[in-house]
Amino acid sequence: MKTTLALATALSFALASAALAAPPAKTGTTAKGSVLTDSKGMTLYTFDKDADGKSACNGPCATNWPVLKADANDKAEAGYTIIARDDGSKQWAYKGKPLYTFAKDQKAGDITGDGFLNGAWHLAQP
């Protein structure tokens, strides 16, 4: 019985660790092809003004373009990294590009932010 309990405990820790290790974004399909999405299926975007793994979207910009937030215990993997924002919070990035949703997208699959601001916003693609 003791061995079974120890095995069950070890298995539950392994499963919990695997759940935490999942990538922060998923892949969805839009009218423009495959895109990265958040856990709710909302399209993720990148911003041309971001450079060197740093977000240039703060203040009112971040209100219109909510960041894909990372928690303190999240771990980077598989092309994903975690960057520090100016306000001290953490944000997910993919291949060095910080990730955002767009406040005007209403449902999963919407891509209304693509090309916004003279083409500075782009669909985040896998």
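In this predicted model, residues 2-20 have a pLDDT under 50 (pLDDT being the predictor's confidence in each residue, from 0 to 100), and for this segment the model has one contact beyond four places in sequence, where contact means heavy atoms within 4.5 Å. The average pLDDT of the protein is 86, and 83% of the residues score at least 70. Residues are numbered from 1 along each chain as its sequence is written. Local features need pLDDT of at least 70, side-chain atom pairs count only at pLDDT 80 or more, and totals for chains, interfaces and linings use all residues, while side-chain values use heavy atoms, without hydrogens and water.

Strands are DSSP runs of E, at least two residues, numbered from the N terminus, and two strands pair if DSSP finds at least two bridges between them. Strands S1 (residues 26-30) and S2 (residues 33-37) run antiparallel and are joined by five bridges; a hairpin of two residues connects S1 to S2. Thr29 has Ser34 in S2 as its bridge partner. Strands S5 (residues 80-84) and S6 (residues 90-94) also pair in the antiparallel sense, over five bridges, with Ile82 opposite Trp92. Five residues lie between S5 and S6 in their hairpin, and Gly88 in the turn has a positive phi of about 90 degrees.

Beyond four places in sequence, Cys57 is in contact with residues including Phe47, Asp50, Arg85 and Trp121.

Technical notes. Helices (H or I, at least four residues) and strands (E, at least two) are DSSP runs, numbered from the N terminus.
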